[in-house]
Structure formats: C-alpha cells, structure tokens
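Open the model in your viewer and keep the selection panel at hand. The stops below go from whole chains down to single residues.

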Amino acid sequence: MKKYSVFSLVRNALDYHRNWQQAWRSPAPKSAYDVIVVGGGGHGLATAYYLAKECGITNVAVIEKGWLGGGNTGRNTTIIRANYLQDESTGIYAHALDLWDTLSTELNYNVMFSKRGVLHLAHNQHDLKELARRHNANRMMANELEFLTPEQVKAFVPIINISPDVRYPVLGGSLQRRAGVARHDAVAWGYARAADSLGVDIIQNCEVTGFRIEQGQMKGVETTRGFIASPKVGCVAAGHSSVLGAMAGLRLPIESHPLQALVSEPLKPFFDTVVMSNTVHVYVSQSDKGELVMGAGIDAYNGYSQRGSLPPIEHLLSAAMELYPVFSRVRVLRKWGGIVDICPDASPLITKTPVQGLYFNCGWGTGGFKATPGSGHVFAHTIARDDPHPLAAAFRLERFATGNLVDENLAAAVAH
Amino acid sequence: MLLITCPYCGPRSEEEFAYGGEGHIARPADTDGLSDDEWADYLFMRTNPKGVHYERWVHAHGCRRWFNAVRDTATNEFLAFYRVDEKKPEIDR
Amino acid sequence: MTGRFRLPEGGRVDRGRRISFTFDGKAYHGLGGDTLASALLANGVHLTGRSFKYHRPRGIMTAGPEEPNALIQLEPGAHTQPNTRATVIELYENLAAASQNNWPSLENDVGEVNNLLGRFFPAGFYYKTFMWPGKAWHFYEYIIRRAAGLGRVPETPDPDRYERIYAHCDVLVVGGGPAGLAAALAAGRAGARVILADEQNELGGALLADKVAIDGKPAMQWVGATVAALQKMDNVRLFGRTTAFGYYDHNYLGLLERVTDHLGPQPAGVGEELPRQRLWKVRAKQVVLAAGAIERPLVFADNDRPGVMLAGAARTYLNRYGVKPGRRAVIFTNNDSAYSAALDLKAAGVQVTVADLRHDAGQHGVSLDAMGAGIEVLAEHAIVETQGRKRVNSVKVARINPAGDALAGGTRRIECDVVCMSGGWNPTVHLFSQSAGKLRFDEAIAAFVPDKAAQAVAAAGACNGAFDLAGCLREGDAAGIDAAAATGFKAKGRAPNKPKAETRAESPIRPLWLVPGLKPVGQGGKHFVDFQNDATAADVQLAARESFISVEHLKRYTTTGMGTDQGKTSNVNALGILARARQEDIPAVGTTTFRPPYTPVTFGAIAGRDIGALADPVRTTPMHRWHVNAGAEFEDVGQWKRPFYYPRAGEGMRDAVNREVLAVRDSVGILDATTLGKIDIQGPDAAEFLNWVYVNGWKTLKPGRCRYGLMLHEDGMIFDDGVTACLGENHYLMHTTTSGAANVLAWLEEWLQTEWPHLKVFCTTVTEQFAVANIAGPNASRLLKELGPDLDLDPKTFPHMSVQHGPVAGIPARVFRVSFTGEASYEINVPSSYGMALWRALITAGEKYAITPFGTEALHVLRAEKGYIMVGQDTDGTMTPADAGFGRMVSTKKDFLGRRSLSRADMQKPDRKQLVGLLTDDPKEVLPEGAHVVEQFKEQPPMPHLGHVTSSYWSPTIGRSIALAVVRGGFERKGSKLQVALRDRGVPVTVTDTVFVDPEGKRLHG
C-alpha cells in the first residue's frame, strides 16, 4: 500500500494523477479461507482488518452482495458518541470512541472524525432525571459528560430556540465533547484499503445463498460465485441478519425496520455541533459541505425496502422547527432510507451461535456507525479466539434466554 | 405511505394504524413446561423475513380492532388482510 | 427597454408589464412572465454564480429546475431563500437577488485561487491528506468549513405559513406538456377524477418554447383549447406551479404547490389567507408520468464558461421569453434536437455555426434544412477548447476521429458569445424510479427509460423516451385512456378526434460521453461533468482507476450528482464516462437510484401547521384555569400539563414544596388527579382478565373494594401500576399512570382481541370523562363529610382501599379511599364538566382547614416518604416485582403475563439491582438523583458501582433527607454502609427499608 500524504498528493498531481494505485483489488474468490466475513460494510471490513492486523489471520475474505459500504455505512447520519446508559454499552462504545480518535492515522485514510461534540437536550423533568443518571453512569466508567443549562445550550448552539414558551422548552443538555461526526464512506473505504493491503480479499457483488454446515460445524458458504470453504464465518449483515440466520437454521431476536434520514441544500456553516433530542425526536448536524444532516424515527413496520414513508419526515421536520425556527425556509435536498436491525433491548448481538464456527454481529439498531471500529475490533477477537472478547461478552445471544438484557430502551415514561 | 385495508373499515392511510409485529405467535398454553430457550423463542425470536411476512396491525385511530395482514417486506405490497378469527392464508411467492 | 437582448416581439412575456429588480444590488428591468434568468439574459447578464469547489465563474446553463449554476440568494432578511435557481424564479416587482459563494464579489472572487490550484484538488483529495499531525483534522476542518456551503440560512423565524392537505384521485397526471394534457383529457373525458400537476406557471410544457403545429395550427392553440376543456370538467383539477417531488408506497405522492412565491414577499397582514406553499399528499389509483425530458450537456474542455448553455434552454429563452442569449452562437450537438435551436436563433438574427459530432451531419433531415437556412454545419466536429473568463468569447473546433477519442484534423477558432450544447435528452424518470420501477437503457436515444413498473403507474411522452410531438400526444392519450379504464372509467360514445402533429424522421444520436480536447483529459482544460460540484471527467476516470467502479462509489467519491440539482444534468454523462473507463456498456455499469425529492422541498411546507403550539396537542384538566390563576408552575407529563407546585409570593420551589407536604401531613391538601389513566372494564370475564394482566389475584375482590396491581410485560418487567376498584359485579375501574394510560389500554385490547377473544370483557377509556380531586391529610375525612353528608366515611365500613358512590357538593361522585401520600385520602371522581365546581367547593369548604393545593413535586415527596414507587422513575423497564420489593405480592396460584420470565436463570440472582432506601449520615444532605452508589468512592473513575439513586428529596415530615435507590443485592445490604459518589467525594449512607414515614400505616388507616 502506497502511503497517502500531502507529498504523495503533490507528486501525483505532477503526473496528472495518472499513477494512483487502486485502493483495493477485485480478486476472484479463492476456494478456501481461514475466516469469511459476510457483509462488506464498515463493521465487516473493520472485522477483517483487525483479524489481519491484530489476530494474525490474513487469509480472510469479505463477501459483499453489492458494493462495499453500500448499506447502512453509507446511509447513516454519521454521529459518533458514547453516552449510553448501561456499563456494558459504555464499554463497547467508549472503546470505539478511543479507536475513532486515531483511526485516520491507523488506516492512513482521512475519515474526518470531527470532535465537535454531541449535545442531548432535556425537555421535561423526566428527561432531566434521565440525563443526570446517564451522566453519573458514564462518569463511573470514566466517560465524562457535561451538563449545560439552557443558557449554556444557547451559547453552545446559538441558533437554538430556548424560549420557555414553546411546546417543549429546552430545560438543559448533556454534552459529550469528544463525540462528533465522521465521513461515513471514508470509514468503509479506509478499512477496505487497509485490509486489502494486509491480504484480505474483498469480494464484491457476491451474494451468500446458503451455509454448508456438517455436524454442527461450519464448513463454508454457498455464494452466487460458487462454494467457498471456511471453518469460521462471521456475519455482519445488519438488516439482513435474519435472512442469513435463517439460512443456518437460526432464529434471531432481530427485526429490520426502515430508518430515514435527509440532508438539506448546502448552507454556509452555522451549526458546528451535533444536537439530539429524544423527546422532540430530532437530531441535527451540519456537514463540512454545508448540508444539514437530520435523522428521523424508524418506520414502525419491519421492512427491507430502504424507502420509508413520508410521515416520519413530517414529524422530524416539525420537531426541528420547534428547536430551530430559522430552518423553515431551508429545503430538503435528498432523503433516503436504510434498514436497521433492532434487538428487543436496543443493544447489539456480538455472539457465537449454536453452529460451531458461525458468529453474528448485528442488532446495532440506530447505533451502528458510531460503533464501527469497536465492533469490528471485538468481533475479530471473538472469531479468532472462538471466545467472546470481554467487551462483547454481555452481548451474547444467550442473554435472551437467561434474561440478562442490556436494556438501552428509554421506554419507561414517567408516571403519576 | 402504506394503504392498509382494515377488514372492518376498508382502506385507510398508514397513519391511522399501529403495527403489531409478527403474527400467528400464539402464547404458549403451558408456560411452566417450557425451557428458557423455548420461552425466549416465543418472547424474542422473530422470523423477520425478506419477503412474505404474516403480521398484525391495529386500527388504532379507527375502530381499534386488531387484524392480520400479509405483506412482502421487500416491496411493501400487501398480499392479504384478514380478521384474527380467520384462517391464515397460504401465500406462496 | 427591458434589456439589450430582448427581441422586439414574440415570446410569452407581457410587454405591457415592466418589472424592476436587482441583482447583486444593481438595478435591472424585466417583463411580466420573465424568470429571473430570462430577465438577466435579456440584460446581457450571464455570469450569475461561482462553482462550489473551484469558484469558477458560471452562467445560466438551463431554463428549468435542473439548473446547476445560477443559484441565488433570493431576498434579504426574514424572507430570504438560499440556493434558489434563477431559472425557476418568476420575476416580480422589486425582486432582490444576490449571488452566492463568492467573496468579496461575484466579479472578483478570491476563492478562484482554488481553480489555479485545482491540480492539487482531484476527486477525494481530502481522504488522502489532512492527517498530519495526528488528530489535527479539527484544525483543517475549521479552515475547510469557512469555505463550505452555498447560500445562507435565514437569521429570523419564517414570517410565512404553510399548509398540508390530502387529496385523492383516480388518475394523477404529472406534467402539463402535450403528453400530460392528452392524458388528462382522455382520463377526464372518461369520467375519472383527475389531478394534473405541472411545475410551471403555464400549462403547455415544452410547447411553450416550441414553434410546432398541432392539427395544422400553432400548438399553443391546442394547449389553450385543451386547458379550457379540462377546466370545464368537474372531475378534473389542474394544479399549476406544483411539483410532484416524491413517489411513495401504494401510489402516494407528495406535491409541492408554490402558492404565493411568484408574488414575492407579502407584507404582513396582506394575503394572510394564503399560505406561501402547500404540500399536497395525494393518493392516486393510477399515475401517469408525463414529466418530459432533460437535456444533457456535452462533456468537452472548459465546457462551463458563462455563455455555455443547453441548446434547448437557448431556444426557450428565445421563443418563450423573447430573449437572445447572444449575438454569435456556436451550437455543439450529437443529435438533431439542437438544430431547432440553430434555426430559431438564426431566424432571430443570431449568427450560428453548428459543430455536429456525427459524420453525416448536413446531409439530410433537419441538418440539411439548417444548411439551407445558411447555417454553417461542421460534420464530425467538436468543440475542443473554449476561451473567455467571465463569458465565453471564442471556441476552437476540430474534426475528430471515428472512435471519438482524438482529433483528426487541425483546429479552427470561432468567435462567439454563446455556446449551445446538446448531448441528447434524458427522460425525467425520477418519479418512476422512486416508485421502485425498473429502468432500461435505450440505445436508440442513449438514455434510461422506464421499464417494468412496480406500482400502478405508466410513463408517457418524452418521459417515456418518445421525443416527437406526435408520439407524445399518442402516448399521453393512450395512457389517459388506460389509467381511467383501470379505475373503472371507460370512455363512452364516439371517440373524439385525436390531435395530429407531424413527425419527422430523426438521424440517430452519436453518444460521445467524453469529447477529446487539445490536451489529454485531466492535463489541461477541465471537462466538467457535474457543474455545481466541479466534478470533471478526469475525476471520474481517477475514481475508476482507484477502484471506485460502482456508480454509488463514483457518486460519493467524486460528489457527482450530489449537488442541489441532484445530478439532473450530470448522472448519465458520468455513467457514460465510467463505462468507457471500465470498458463496459452503460447497462452493465448500472444506474443510480433516484431519491426524493425531485427538486428541493421547503422544510416549512413539510412541517405544515404542526409547529409551535400545534407541534403536539396540549392536554389540560377541567380545573386547569384554576391552577393557572393560582400561579401554579406546570410540568409536562406526556401531553398533559400538570401543576408542579404552587409558589406563593417570595417562595422558591423548595419552600413551596415543603409547605405543601406539611399541609397534607398536618391538615389537608388537594391534588388534581384527573390525569391518571382510567379504564372502565366490564364483562363476565373481567376478573379472569385482571388475573391475566396483573401479578396478583383478583377473583376475591368484592364490590366496593380496591386493590393495587402491578402489570408486567411478557419479559417480566414492571411497566405500569395502579389501583383497580371493583365497582360492582363484573365491573371494574382500572387506574393507570398518567403517561402509561394509552399504552395500558392498547395492551389490554391487544390481549383481549388476539389471544383471549373468548373472554367476554370490554375496556373503555374514561380518563377524560371524569375529573378527579384528591384530598389528603388528617382533615380530609372531615372536609369530605361536610360536602358529602350522605357518604359513609366510617373507617370500619369504608376502610382504606374501598369505593362508594354518593353526592359530593351535590354532584354525583365516585369516592375512592386510596392513597399515594400515606395519609387518609379520598379521590373524588365526578363527571368532567363538574370538575371545576367540585374543586371550588372543596377549596371553599376547606378554607377552615387551610386546605392547600399541592402539585406533583409535593406528591412525589409524600409518596417517597412512604416508599411508594413511581413507575418510570424508580423502575426503568428492567425491574421485576421482586426487584421493587413486591416479591410477596406475586401470585403463585395462576399464570399471568410476564410470569414465566420471572423464573429465568438471571432473574433468580441475588445480586440483582433491588429497590432500597438510603439515609445519608448527614441528615441535611440531599443526594442528587441519578448519583451512583459505590462501595468505596474513588477520586478518579472508573469505579465499580452498585446502582443509582432513583428518588431523593428533603422530607419536611421527618426533617431530614431521604432517598430511594436501586442497589445490587440491596435487600441483603440493609443496615450496611455504602457511599454515593458525587463529583469530588463519596457521601456515606446507610441502606434502609424504603418506608420512612408511618411504617405501621396509622395515618393511612386513621
């Protein structure tokens, strides 16, 4: 892999950019690999990268039915944060956040991780209590959050409306300064390029059609390009996890839902952080191109259409207007849908399965992108050792039978 | 936006309905006789297919009745609507 | 004069209406019917903007919504609109437009230095650099963000309002050109309910700029007659200035109607009856897409100079607006369509030369006509270079080889001030693609056309690849007939005469996706593919070289198609160049998905009226006005407004709450408890049903008695609680938490209907049917007795947890003796309309007891003193009944929802988090809620913790702080010492029982 730098850029400019290397090869699948990763999104590519880089397993294939990074990796709102409630979640997300910090250097690919802070707003007493609990929970894990008063919120995000006279006024906010956003596509491309240079075969346009399992042991995958043998297969297919599970005779606690997002036309930057609100349900940032990036709630029904309906967008924008009245004349440029895979406890599965040599990493719901490096890292170790990485141990499939869930639903509303 | 045919009220917009997840998951009669795994299967495991899906809806902002539907989750095309006391239609595609 | 370039006559502009406007502060004039673009061109202004990355001077390229260059900040102040395309802004008096993305001015933009350095900024350069030193991205980003974006966001709230409205129809026709009008006419005549939506201010589509004939007369005469016929039909609605922007599932489309945009900012008070824009949400049984086609640029060296425009656009300015785009034109084409522009320009006195990529140009058909009209036609010629910084002033043309990849002769320089290019036409398949329809590449027109439909939709006319007028009329008519028939409307009687238009055989297009220049691509002269985002052919080739060979990768890596025009002019050209780089056919390379909206849609229009006070309904109780008058502070609980506390003059929250608590403990307090959920449950199987949904038993509950119940989800976790009363045989009233009411009702109905339809039970929500005043405290019964002398309040016959009927203050009431405060307390339920009367009566009669209204905060203190849990605060969806201290309440004699989950392995563990009391060593110290409980505080986290404080208050009753907490193995730890971690220290606490006041219940039962 030829190193990218300002010098390589200048050198190649003098050659009119005719001599840039390809970022990754397009190899034909070999007949056998030590590990096959199914799914060429950020998590799958990261898994392959860490297998090769840290676990000494380089005879790895990533099999992707479409184009790498074409699923949720390239469809999310790029928010990176680690301010969850449960210790187990803080463990994995904070680990990811640590890896994000040095990811561009690690991969020699600028993923543009921008630590512009993520601010969660509180709009009622229940929200305030919930934020206080989260602050303390994260502090116990040495993951600092800051509480902001409405006036401090206003100072941090001047465009926000903190008038007490709106339907749901801002009563406070919780800021994680080391959180932010990154360039989503670059994450997939960076991991792909780095994994490829370590010998990983990235095989695009190759769909898994079945598994070969003998006496409970994984033997390999049937694909649209033929059988590929491997004693270990890690599935990292997000919304399509249940489909893969069914091929192996597994039922998963996963439902796939459309999740929509949108960007506005590009505007001169005026919004230099990320603001989220669960009660008003909107999250907003502004990209380095100037587009406002906003996410909606999931469509209620499960589906694989990557489309979604208009009502979630209507709700999203009326919510946005509550906080940012000046957005009214801004225009939606593009909206799209992804397929999020949701577990009942809103926490992921990073797990071995009853099939020896078959592993699943899924159920990230709306939290997948931010976890990418951490998820790939612990999953690589889980596959390599056939034993859960300590940070992944809580996310086993068995928890749904024993009841030891990692509940990140803030479902319970205040009573009385 | 989906157009959903309530068996009692006729076709209505998606916004009038609430989704009830996978259908035809009967609550086990003898819960004590189940292993933790079997109980978890009832409680949490879902088919979540890409394609034909038997599912439940409730006309929440209408007659408030529950009913079943069959939908292709890849295209969102509805293939059947039927009352909860009607037989599950076999749909092959 | 309204511009040097205005023709003395012709066009559809209103020459009697002269309109003043400004662009970048300079005053100009235009005419009624002008767009901002046509008015600027009439004044000879081509330079209207700067490109995103290189800040290259750019001019008006198109005459429609596909415009990538001429983006305008329209109007200053509160009415400002960023990124508005000059080509779709209808001119109005005093319009003020400003260019964007330049500093200090459009003419002299410092950012143009990027153009000189462009060699160092190829596609994706930022992925390869800005990484040194480590973590320095925030520094580079700061610089980059200063250059980012186009227009500016408004700084003040929007003075306009927006509407949303539903509509239904049998046939929705998108597009009011010849195909759309023919379709609407046919469907309308058949009797179908038709909506025709067209984005322009006038119907007619491409005919507005054409000089063709229908039935031997000017085509616009046919348009006029057709529109008149449609207007006469009651079943047809015509929506002008309305863009169909989104095609969703089940034939649901979003339309944006621009109601007053063309009038300009409306002064306050004027036109308030009209919204600025209206969002139509249309459910159509059938859709006919007749959205026309969009012309493609040609990709040649420096094809972006101001003055370079699409041939069709030049013709539109000429014929529709009576504006000459220049005095000397070079037309560069690969197809016949541009010859119409050549001929019309020539007729208008413009000097015209045609460079045609096809070798047989000038030999037959329309190109032969052009020669006949005195136009020079250069066959197999290309523009290989352009000159002119802020306006094109000359081009070089040369013969190119048959392969189209090199020059085959010397160059010739031609002076010109406008270049009209045509690379062929793309059917406007966006909505068809959004509907999940499949596209097919049609080699004959070198473009994607609709193939297999996924919904009830058909395309007609140019949108379907039929570029000739006769074809448009024929296809539109057929689509209209078919769509009407599919919805049950068959045309009756004799078929009317079909309009006729002449069709001329066209010579085939020569698709040449990349035109060679004087230097190799990427080594001199920029071949722009995406004009707004400055993506060039060299960028596309670089992307392909670097493995970005899928269309999606290409878009994302080069940003082609990601601008405000969403690639309307660039996508297919990029695909063609990519295909050539991959040495594959375009169909093998694929196409991108078109995502909504077709053109950008205002946030305000999508939000409609659901903003401000209407963002979410506000629920108030019948006594709300009293609370307001009493100066209550309110708390949002779900959609309800509940009194939080009632401060007196000079009182802070803590003082008020302490006073309210003590008033309840010492005398009597009154609480508005209306918001608690109330579900009326009736039927012979009601008790059996309650047995299923609550953890405890219900079959022994006698009429007149109440019982507290806990409700679990099937996962065994508490999700709601409340008191249910047996009002009579087979008749119960269930109370739920305020915010849980709707969910509980839904939960009950779900189980009744789907799992136990054999149970004869009806559930009815009566939350809003009853107003509830709760009086609590030692004087509560005395007060109640005064107002309800007929009530039996003897604790022996009317003990805690019972209910009776009887008048209170003369109002028929249900009186529950229940308590959430630990005091003897009565919940008096009366019909809602009597709520205020009851409340006032209680307040008046209670004066002698100094009756004190108390809010939710005092209630929370009171209940915490008694150790009563609050679902959602002391529980969080992860607590079982045993965890919350209700282990003994759980029935072992029956199955109930959630029961099986309680015997799972992890539910049995002794170290589960359990609800306990905490008392601080220092009685004055009130723990912060949410603080975490630890065995040993550490100065530096991380530190292992055991749980957290769920409720914490100052208890005025016992004069010290109290707290509830969930603590790992908490039951076993009672009596032991722990610490609560604050920021800088650990607060020593003792683990206790959860009841701090009156553990024997003397007050409660007294």
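The tour takes the chains in turn, then stops at selected sites.

**Before you start**

This is a predicted model: local features need pLDDT of at least 70, side-chain atom pairs count only at pLDDT 80 or more, and totals for chains, interfaces and linings use all residues. Residues are numbered from 1 along each chain as its sequence is written, chains are lettered from A and ligands numbered from 1 in the order in which they are written, and side-chain values use heavy atoms, with hydrogens and water left out.

**Stop 1: chain A**

Select chain A and colour by secondary structure. You will find eleven helices and 19 strands. Helices (H or I, at least four residues) and strands (E, at least two) are DSSP runs, numbered from the N terminus. The C-alpha trace spans about 65 × 65 × 40 Å along its principal axes. The radius of gyration of chain A is 22 Å, which agrees with the value near 22 Å for a compact globule of 416 residues. That radius is taken over C-alpha atoms, and the globule rule is 2.2 Å times the number of residues to the power 0.38.

Now colour by burial. Of the 416 residues in chain A, 69% are buried. Buried means under 20% relative accessible area, exposed over 50%, partly exposed in between (1.4 Å probe, protein chains only). Contacts (heavy atoms within 4.5 Å) between residues at least 6 apart in sequence join residues at least 24 apart in 75% of cases in chain A.

**Stop 2: chain B**

Switch to chain B. What pattern does chain B follow along the sequence? It reads β-β-β-α-β-β-β, with one helix and six strands. The C-alpha trace of chain B spans about 40 × 30 × 25 Å along its principal axes. Of its 93 residues, 51% count as buried. Among chain B contacts between residues at least 6 apart in sequence, 44% join residues at least 24 apart.

Show the charged side chains. Chain B has 12 positive and 17 negative ones, and the centres of the two sets lie 6 Å apart. Lys and Arg count as positive and Asp and Glu as negative; His and the chain ends are not counted. Each charge is placed at NZ of Lys, CZ of Arg, CG of Asp or CD of Glu.

**Stop 3: chain C as a whole**

Select chain C and zoom out. It has 24 helices and 50 strands. Its radius of gyration is 38 Å, well over the 30 Å that the globule rule gives for 1006 residues, so chain C is more spread out than a compact globule. The C-alpha trace of chain C spans about 115 × 80 × 55 Å along its principal axes. Buried residues make up 64% of chain C.

Colour the domains next; their bounds come from an automatic or database domain assignment. They are domain 1 (14-113), domain 2 (162-293 + 427-486), domain 3 (302-423), domain 4 (672-854) and domain 5 (903-1005). The C-alpha centres of domain 1 and domain 5 of chain C lie 67 Å apart.

**Stop 4: helix H8 of chain C**

Select residues 338-347 of chain C, helix H8. C:Ala338, C:Tyr339, C:Ala341, C:Ala342, C:Asp344 and C:Leu345 are buried there. The buried residues of H8(C) pack against several elements of chain C, including helix H7 (311-319), helix H9 (365-372) and strand E19 (351-356). After H8(C) comes C:Gly349, with a positive phi near 95 degrees.

**Stop 5: C:Lys866**

Go to the loop between helix H23 (856-865) and strand E45 (913-920) of chain C, and pick C:Lys866. Is C:Lys866 buried or exposed? C:Lys866 is buried, with a relative accessible area of 7%. Draw a distance to C:Gly877, eleven residues along the chain: the C-alpha atoms are separated by 22 Å.

**Stop 6: backbone exceptions**

Most residues other than glycine have a negative phi, and most peptide bonds are trans. Look at C:Asn94, whose phi is near 65 degrees. C:Asn94 is exposed, at 57% relative accessible area. C:Asp302 also has a positive phi, about 50 degrees, but counts as buried at 11% relative accessibility.

Finish on two cis peptide bonds. One joins C:Pro596 and C:Pro597, with omega about -5 degrees. The other runs from C:Pro941 to C:Pro942, with omega near 5 degrees.
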